[in-house]
Amino acid sequence: MAERMLQFVRLSQQTPDKRDAAVRREDFGEIYQRFTAERASAQASRCSQCGVPFCSVHCPLNQNIPDWLKLTAEGRLEEAYEVSSATNTFPEICGRVCPQDRLCEGNCVIEKGFESVTIGAVERYITDTAWEKGWVKPPTPSREVAHSVAIIGAGPAGLAAAERLRKRGWQVTVYDRYDRVGGLMIYGIPNFKLEKDVVIRRAEQFAAGGIQFVLNCRVGEDVTLDELRAKHDAVLIATGVYKARDIGGAGAELNGIVPALDYLTASNREGLGDAVPEFENGALNAAGKTVVVIGGGDTAMDCVRTAIRQGAKAVTCLYRRDKANMPGSLREVKNAEEEGVRFAWLCAPEGFVGEGAVTGVQAVKMHLGLPDATGRQQVEPIAGSAFVEPADLVIKALGFDPEDLPAMFSEPALSVSRWGTVKVDRRNMMTDLPGVFAAGDIVRGASLVVWGIRDGRDAADQIEKYVTAKAAPAMAAE
Ligand code: FAD
Ligand code: SF4
Ligand code: SF4
């Protein structure tokens, strides 16, 4: 092993510099700076090159992390890029948005008492450098093949499948109801976590490599699933989950109570330069308002931090459990606290007050009770603790469920689980409809970009296997 490695005993962990909270709350730029070449190399050299790398085991893409860390430590960046891009369609995006503390870095085993290797920041550094140096190429195949696939959904799952099949010469058409490519990477995740140029340059590369995009096309309305099945050898459904979980109660119909994704999409569109009437007329704009965000997940964190940047008067996150029991990443909570968000832990909404427009959230204080069968502590209201949290904009961030796809696609034979996710045969990712596959959030439920990539890549392999096997007897008979 190169002497250069195993430096964790000598070098402490250094994460990328974070912009000061007072500065970063004034704009939507990414908050983490990029590593310098020296720091990337030094931090990569902390890896102890484990024989059984638990970082890789816990990366959904099972990437060869020790290999690209070693190459980075040795300054062999182009090779590091080759290795990392062989297993990841969007390494620079995962380096930015993966919850590394729960995945690769959270399972890095360098000796107890030392902090993990900063894997995500190095991964981002490698591919950002590759873009600058021109090493990232369009997925142009060396030879064309006649097989064609329709991919419904231009999010990470659909795009990962598209790139993989196109590289192998397939004729790939991606249909999306949105006007831009990227799914939630464009219209969900805010700029301060993932600047949009990073997604747009990928989309441009894919188009340059021959992937066809049919945008503003809602499958089920503008074209039917049957038509796509007739036109292509296979179809991949990668439509994500978009039905917002709602909260009822008195006053739920008041103006000024909005779903999280409407709010974030308006903000992202505005940042992209689109005319957004709901932003301009204030309906989806927190400027000057007292904002309450209901929920404790990562979407709620994105909303509170967006509201701060839009110039809200005050921003409170209302969550019915405590900090230790919230589903969102603690790193994001810390970022939000630094930026001036107030957290009202153990507070549950019961309704809304106001006349015409909301003026407050009717809430009650909670305490943690006994664990249920899953081991999670239950929450119970504290008698006589009702209060009103003032608000003139309430954002509901309670999670997402799948839309009714069999109805949307007029295809009753498309089986779904009791959660509404599309059912696939786990062995080959095919739905009950022959030649129709599914991947990403629409199969897993709301998940992560990196799992979308994994599913998309796996689905591409299964689609190729299915179509080539089907074509083989016909070719043999010719
Ligand atoms: P999507 O990205 O949702 O893409 C689905 C695409 O299908 C969309 O473009 C949609 O327009 C299209 N579509 C849907 N129906 C149709 C139709 N009928 N016809 C045509 N097109 C259709 N994950 C992380 O790893 N890190 C994060 O920091 C993170 N932050 C998030 C923040 C927010 C606010 C949200 C909502 C999610 C976040 N996620 C994050 C989760 C992550 O974005 C998703 O898990 C991931 O994008 C799922 O990929 P997908 O390809 O399955 O679906
Ligand atoms: Fe870690 Fe995500 Fe990269 Fe895997 S893809 S190594 S989990 S940052
Ligand atoms: Fe290196 Fe940590 Fe992975 Fe071991 S677990 S190979 S030390 S990054």
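## Surroundings of ligand 1

In this predicted model, ligand 1 is surrounded by 34 residues, the closest being V97, D176, V219, Y242 and D441; a residue is near a molecule if one of its heavy atoms lies within 4 Å of it. By class, the shell holds 19 nonpolar, nine polar and six charged residues. Here Ala, Val, Leu, Ile, Met, Phe, Trp, Tyr, Cys and Pro count as nonpolar, Asp, Glu, Lys and Arg as charged, and the others, Gly among them, as polar. Helices α8 and α14 (298–309) each supply at least two residues of this shell; helices (H or I, at least four residues) and strands (E, at least two) are DSSP runs, numbered from the N terminus.

Polar backbone atoms also approach oxygen atoms of ligand 1: the distance is 2.9 Å for D441, 3.1 Å for L184 and 3.3 Å for P156. A polar contact here is a pair of N or O atoms within 3.5 Å. Of the 1,000 Å² of accessible area that ligand 1 has on its own, the protein covers 97%, as computed by the Shrake-Rupley method with a 1.4 Å probe.

## Surroundings of ligand 2

Around ligand 2 there are 13 residues, with C59, Q63, C98, C104 and E123 the closest. Nine of the shell residues are nonpolar, three are polar and one is charged.

## The parallel sheet

Five strands form an open sheet in the order β3-β2-β1-β4-β16, with parallel pairing; two strands pair if DSSP finds at least two bridges between them. Because β3 (212–214) and β16 (436–438) stand at the edges with a single partner strand each, one side of each is left without a neighbour in the sheet. From one strand to the next, the twist averages 20°.

Strand β2 (residues 171–175) is joined to β3 by three bridges, and V174 has F213 of β3 as its bridge partner. Helix α8 (residues 156–167) lies across β1, β2, β3 and β4, at about 165° to β2. Contact means heavy atoms within 4.5 Å, and angles run from 0 to 180 degrees between N-to-C directions of axes fitted to C-alpha atoms, for helices over the stretch in contact.

## Antiparallel strands

Strands β10 (residues 347–355) and β11 (residues 357–371) run antiparallel and share eight bridges, with F352 opposite V361. One residue separates them in a hairpin, where G356 has a positive phi of about 80°.

## Basis of the values

Residues are numbered from 1 along each chain as its sequence is written, while chains are lettered from A and ligands numbered from 1 in the order in which they are written. Local features need pLDDT of at least 70, side-chain atom pairs count only at pLDDT 80 or more, and totals for chains, interfaces and linings use all residues, while side-chain values use heavy atoms, leaving out hydrogens and water.

How values were computed: Polar contact = N/O pair within 3.5 Å; in protein donor to acceptor, adjacent residues only side chain to side chain.
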